[in-house]
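Have the viewer open and follow along.

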Amino acid sequence: MERKNFQGRVMRIVGLTGGIASGKSTVSNLFKERGIPVVDADLVARDVLKKGTGGWKNVVSAFGEDILQPDGEVDRPKLGQIVFSNPEKRQLLNRLLAPYISSGIFWEILKLWMKGCKVIVLDVPLLFEAKIDKWTKPIVVVWVDPETQLRRLMLRDRTSQEDAGNRINAQMSLDIKRARADIVVDNTGSLEDLRVQFRNVLLEVTKPLTWTEFGLSRQGASSVFVSIVVGVLIFKKVL
Ligand SMILES: CC(C)(COP(=O)(O)OP(=O)(O)OC[C@H]1O[C@@H](n2cnc3c(N)ncnc32)[C@H](O)[C@@H]1O)[C@@H](O)C(=O)NCCC(=O)NCCS
Ligand SMILES: Nc1ncnc2c1ncn2[C@@H]1O[C@H](COP(=O)(O)OP(=O)(O)OP(=O)(O)O)[C@@H](O)[C@H]1O
């Protein structure tokens with residue numbers, strides 16, 4: 001009975017990551033099929049780069065109007081070509097968009113928390129790079145062998161081997177990500193193999209929360225919120 005109450009008040013945030021074209025969206029869809037909501041960082045990143053937004057303004061001032069389409073929207077393939085072949089430019093883009101992406105993800109989480117969701121998934125390609133991993137438990141890494149990853153990426157995006165290779169190399173290696181995972185899904189095989197592994201993932205993520213996870217959950221979040229408000233009030237008084 002006690003455990004039921006405890007579970008009713010908390011939300012688990014599962015981290016889902018991997019490499020480009022390793023199969024995160026495919027796994028996200030399996031979560032959605034089972035009624036588990038997914039926050040997709042790529043979608044958030046698209047929203048914060050829409051014409052007229054703060055992210056768009058920053059990016060246009062830094063990269064120039066050459067990256068715009070005639071309708072004023074960012075020409076994504078063009079910007080992609082620039083940043084995936086130039087690490088400095090990629091870091092610049094990341095720095096310009098990171099605050100907008102983080103707050104976009106935060107609001108999506110807040111909405112789901114207010115709805116009372118018990119388990120949600122954050123699908124974030126740069127989960128480790130952006131240090132969002134510390135807010136999620138467990139961390140699921142979708143791994144795939146390098147040849148399969150390259151082949152699937154070229155097939156899906158109809159890109160050259162060079163472009164696909166640049167995109168893969170722009171990310172932390174999948175082997176490092178795998179080493180930092182709580183759960184590894186090997187997506188080198190068929191979709192049926194993936195579904196079989198997914199059953200275990202589902203069992204893991206729907207297990208009762210541990211105390212550490214509880215600390216990051218609804219009550220933990222409220223305590224942090226209260227501490228911040230109190231901190232700000234004290235700070236203002238001191239000044
Ligand atoms: C450069 C952009 C315009 C290219 O757009 P495009 O439509 O071609 O690709 P899309 O956004 O669908 O991304 C596809 C995949 O590329 C990889 N990727 C995207 N951005 C990055 C990045 N900054 N570093 C490394 N990999 C990245 C991810 O695996 C992502 O799933 C776009 O990716 C972008 O705005 N990136 C910066 C924002 C970001 O960091 N997004 C990742 C969310 S955590
Ligand atoms: N097990 C599989 N067998 C065959 N094809 C697959 C398998 N898993 C995924 N794919 C295909 O590989 C491609 C990449 O998968 P997906 O889009 O899910 O990757 P992703 O990690 O979400 O990519 P991104 O980082 O670009 O968002 C897609 O075309 C998808 O249909």
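Which residues of the largest nonpolar core touch the most other members? Keep in mind that this is a predicted model. The core counts 40 residues, and V14, V121, L122 and V140 are the ones that touch the most other members. Among the elements, α6 gives the most to this core, with five residues.

Leaving out residues up to four places away in sequence, L122 touches I13, V14, G15, L16, V39, I105, I132 and T136.

Where they meet, eleven residues of domain 1 are in contact with ten residues of domain 2. On the domain 1 side, β3 and α8 (161-169) are the elements that give two or more residues. That side of domain 1 is made up of eight nonpolar, one polar and two charged residues.

Next, ligand 1. It has 21 residues around it, with I20, A45, R76, G80 and P125 the closest. Three helices, α3 (41-47), α5 (76-83) and α6 (87-114), each supply at least two residues of this shell. By class, the shell has 14 nonpolar, three polar and four charged residues. Why can we say that ligand 1 lies between the domains? Both domain 1 and domain 2 give residues to its shell, so ligand 1 lies between them.

Ligand 2 has 16 residues around it, and K24, S25, T26, R152 and R156 come nearest. Here α2, α7 (146-157) and α10 each supply at least two shell residues, and the largest share, three residues, comes from α2. The shell around ligand 2 divides into five nonpolar, seven polar and four charged residues.

Running over residues 24-33, α2 has K24, V27, L30 and F31 buried. Looking down the axis of α2, you'd find these buried residues within an arc of 120°, so they line one face of the helix. That kind of spacing makes sense: an α-helix has 3.6 residues a turn, so residues three or four places apart point the same way. On the face turned away from the buried side of α2 sit the exposed residues N29 and E33. As for what covers the buried residues, the list includes β1 (12-18), β2 (38-40), β3 (119-123), β4 (139-143), β5 (183-186) and α10 (191-205). After α2 comes G35, which has a positive phi, near 80°.

Finish with α4, residues 54-63, where a similar question comes up. Which residues of α4 are buried? They are G55, W56 and V59. These cover an arc of only 95° around the axis, which puts them on the same side of α4. The exposed residues G54, K57 and S61 are carried by the face turned away from that buried side. What covers the buried residues of α4 includes α6. And following α4 there's G64, with a positive phi near 85°.

Notes:
Residues are numbered from 1 along each chain as its sequence is written. Chains are lettered from A and ligands numbered from 1 in the order in which they are written. This is a predicted model: local features need pLDDT of at least 70, side-chain atom pairs count only at pLDDT 80 or more; totals for chains, interfaces and linings use all residues. A residue is near a molecule or strand if its C-beta atom, placed from the backbone, lies within 6 Å of it. Helices (H or I, at least four residues) and strands (E, at least two) are DSSP runs, numbered from the N terminus. Ala, Val, Leu, Ile, Met, Phe, Trp, Tyr, Cys and Pro count as nonpolar, Asp, Glu, Lys and Arg as charged, and the others, Gly among them, as polar. Domain bounds come from an automatic or database domain assignment. A residue is buried if 20 or more other C-beta atoms lie within 10 Å of its own, exposed if 12 or fewer, and partly exposed in between; C-beta atoms are placed from the backbone. The arc is that of the directions from the helix axis to the C-beta atoms. Two residues are in contact if their C-beta atoms, placed from the backbone, lie within 7 Å. A nonpolar core is a set of buried Ala, Val, Leu, Ile, Met, Phe, Trp, Tyr and Cys residues joined through C-beta atoms within 7 Å.
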